[in-house]
Amino acid sequence: MTAGEAAQFAEVFERLVSGVERVLLGKHHVIRMAFTALLSGGHLLLEDVPGTGKTSLARAIAQSVQGTSNRIQFTPDLLPGDITGVSIYDQRNGAFEFHRGPVFANIVLADEINRASPKTQAALLEVMEEEQITADGVTHPVAEPFMVIATQNPIEQAGTYRLPEAQLDRFIMKASIGYPDHASTIRILEGAGRRAHAVVIPAVVSAATVVELAALARTVHVDPSINDYVSRLVDATRTTTEVRLGASVRGALALIRTAKTLAAANGRHYVIPDDVKQLAEAVLAHRLLLDPEAEFDGVTPSSIVARILIETPPPGDRQAA
């Protein structure tokens with residue numbers, strides 16, 4: 001990526017964010033994180049209480065990139081085939097015909113994913129990793145770009161299942177929308193006569209352009225010192241006494257991929273340590289499995305990542321260019 005390409009990338013990125021901000025007021029940071037995940041070829045996990053705009057975010061992102069969106073409401077009785085699709089016997093043709101499920105869309109909102117059983121949650125593992133569904137030995141690719149925005153209720157709420165570690169590791173980052181601030185709430189109330197789903201976001205780019213932007217983000221330069229820094233951060237999550245399971249190699253790759261996208265979104269064709277620091281909690285914290293005693297003492301994955309960032313010295317001030 002050249003400096004000129006980085007500047008163009010940043011301009012498109014800001015237009016995408018600004019468009020979605022018309023629907024999700026006062027959530028600039030979360031929207032940037034969502035587009036960073038999309039352009040990094042990853043998926044986003046939102047842990048939030050109901051009514052914070054998760055569905056509006058997914059719909060607005062799909063509209064802004066001229067893509068399709070589907071919403072799947074996860075419930076205890078949901079079956080894997082309800083997500084991926086099923087093969088139905090066609091008597092006229094004398095053969096089974098595959099009927100695609102709601103996962104075949106550009107943006108898929110998996111709402112309250114932790115209310116479904118682990119078996120149903122696992123139906124997303126293949127498509128999130130390989131962007132394809134295999135049914136009856138036949139592979140069906142999903143649309144490009146493809147992104148899952150999954151929401152989960154706080155784990156202490158009744159009727160929820162903890163997401164398996166393998167499932168959590170598929171999400172490139174985890175974030176929270178949260179309630180709007182006072183000023184944003186006032187603006188929302190002023191538009192109370194207009195239904196949220198009635199707001200149409202004008203498309204900023206085509207779905208094909210999103211694929212091209214994602215490919216361009218992968219060409220952002222990463223200095224060897226940045227790779228060393230990320231490796232030391234990830235190693236530290238594995239040696240901390242409060243952690244039973246540290247960040248995986250997939251987590252380290254996710255941190256580099258998202259740092260590249262964030263650098264381009266900021267108009268740079270190279271990654272700096274601040275890019276890594278800004279994304280470390282969102283990318284690494286949800287991948288950590290804590291020791292039960294540490295959890296009892298009030299330790300959180302976010303606090304561990306914050307401490308590791310303080311204890312792990314970044315590369316020198318020399319720009320990685």
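User: Which helices each supply at least two residues of the lining of the largest cavity?

Analyst: Start with the general idea. Rolling a probe the size of a water molecule over the atoms shows where empty space is left. Now the case here, keeping in mind that this is a predicted model: α10 (224–239), α12 and α14 (301–311) each give at least two residues to that lining.

User: Which of them gives the largest share?

Analyst: That's α14, with three residues.

User: Which residues line the largest cavity, and of what class are they?

Analyst: Look for Leu233, Thr237, Ala280, Leu284, Val305, Ile308 and Leu309 around the space.

User: Let's move on to His286. Where is it in the chain?

Analyst: Follow α12 (273–284) to its end and keep going: His286 sits in the loop between that helix and β11 (289–290).

User: Is His286 buried or exposed?

Analyst: The way to read this is by relative accessible area, where under 20% counts as buried. His286 comes out at 8%, so it is buried.

User: What does His286 touch?

Analyst: Leaving aside residues up to four places away in sequence, His286 touches Leu168, Phe171, Ile172, Met173 and Lys174.

User: And which backbone oxygen does the side chain of His286 reach?

Analyst: The one on Ala282, at 3.4 Å. For a polar contact, the cut-off is a pair of N or O atoms within 3.5 Å.

Notes: Residues are numbered from 1 along each chain as its sequence is written. This is a predicted model: local features need pLDDT of at least 70, side-chain atom pairs count only at pLDDT 80 or more; totals for chains, interfaces and linings use all residues. Side-chain values use heavy atoms; hydrogens and water are left out. Helices (H or I, at least four residues) and strands (E, at least two) are DSSP runs, numbered from the N terminus. Buried means under 20% relative accessible area, exposed over 50%, partly exposed in between (1.4 Å probe, protein chains only). A polar contact is a pair of N or O atoms within 3.5 Å; within protein, one must be able to donate a hydrogen and the other to accept it, and residues adjacent in sequence count only if both atoms are side-chain atoms. Contact means heavy atoms within 4.5 Å. On a 1 Å grid over the protein atoms alone, a cavity is a set of points where a 1.4 Å probe fits but cannot get out, and a pocket is an open set with protein on both sides within 12 Å along at least five of seven lines; lining residues have an atom within 4 Å of a point.
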